[in-house]
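Here are some notes for reading this structure. Please keep the model open while going through the points.

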Amino acid sequence: MPVVELSGIRKTYGRGGFFHKQERFTVLEDVNLSLNPGESLGLVGRSGSGKSTLGRIMLGLEAPDAGSVRILGQDVTGRKRLPMDVRRAVQVVFQDAIGSSNPRLTAGEIIAEPLRNFDKLKGRQLRDRVAELLELVGLCPDDADKLPGRFSGGQLQRVCIARALAPSPQVIVLDEAVSSLDMLIQARILDLLDSLRRQYGTAYLFVTHDLRLVRRFCDRAFFMSDGSLHAFDPSRTLDMKGSGVLRELFDAILPPMPDKARQQGSFSERVAV
Ligand SMILES: Nc1ncnc2c1ncn2[C@@H]1O[C@H](COP(=O)(O)OP(=O)(O)OP(=O)(O)O)[C@@H](O)[C@H]1O
């Protein structure tokens, strides 16, 4: 049974209203997607194409206008409060570690929160598990006492990853959550995610602009465009040169840079590593 199943998802937002009449625009149109245990999906696409919206709908954080969301086989479409087992099963790490961390809680308190809520851990057991999670993501047990403001961006991102791992979820949505880490740390985190996938069947959705990550880590990959998902083979991203899909990926992945740099082949270098 898929851990998450989206059927016929449609999502619109309103825009305008200040100078112009408010109108609605469609971000997702008839999107169907299922994520199976132990599977790793890559989702790429232009900025603003709706990737994060899809991620939020998949987590049950946002309701679609049409279609259904099933998590662990339960229909949670539009539910304001998700059942405890669903909240535990689906975790997320956002790109913006600073914005998604409470500045008044220490790293230890941030990671302890789901352990208290879901596993009712306390005292020594709680402290040991927090220390273990910090070490798993390459931080020190002593970092538990630091407030978010005392971490670098990459370190705080790892605190957020440790928090997401804490309740032993079945699915983790990583919204641009590992691409910003330095290469060594990124490799360590990906090894860790891979071992959890093998050991416990944890599934991942990577929302990313990083094709190397998709190629190395994902079983299936989708490109989002015009509100729809287009599947592509993650291992064959280099073979798609010249195709319409690759041109779209090009635009989606490359940051704005002079044409000259583009001619020098910086894209293939980025992808071929
Ligand atoms: N709550 C909202 N209200 C109105 N419009 C929204 C809302 N959330 C997202 N949008 C709009 O929906 C579109 C898709 O946004 P989304 O964040 O899903 O894109 P994305 O592909 O994740 O982009 P990026 O790669 O830049 O993070 C954008 O035009 C965005 O402005």
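1. A residue is called buried if 20 or more other C-beta atoms lie within 10 Å of its own, exposed if 12 or fewer, and partly exposed in between. The structure discussed here is a predicted model.

2. L147 has 15 C-beta neighbours inside 10 Å and therefore counts as partly exposed. L147 sits in the loop between α4 (123-136) and α5 (153-165).

3. Which residues does L147 touch, leaving aside those up to four places away in sequence? They are P103 and T106. L147 and I110 are 37 residues apart in sequence, and their C-alpha atoms are 9.5 Å apart in space.

4. The sheet is open and has six strands, in the order β6-β7-β8-β3-β9-β10, with mixed pairing. β6 (90-93) and β10 (228-232) stand at the edges with a single partner strand each, so one side of each has no neighbour in the sheet. On average, neighbouring strands of this sheet are turned by 20° against each other, direction ignored.

5. As background, strands of a sheet pair through backbone hydrogen bonds, either parallel or antiparallel. Here β3 (residues 40-45) and β9 (residues 220-225) run parallel and are joined by five bridges. V44 has F223 in β9 as its bridge partner.

6. Helix α1 (residues 51-58) packs on the sheet and touches β3, β7 (171-175), β8 (203-207) and β9. The direction of α1 makes about 155° with that of β8.

Conventions. Residues numbered from 1 in each chain as written. Predicted model: local features only at pLDDT ≥ 70, side-chain atom pairs only at ≥ 80, totals over all residues. Helix = DSSP H or I, 4+ residues; strand = E, 2+ residues; numbered from the N terminus. Contact = placed C-beta atoms within 7 Å. Pairing = 2+ DSSP bridges. Axes fitted to C-alpha atoms, helices over the stretch in contact; angles between N-to-C directions.
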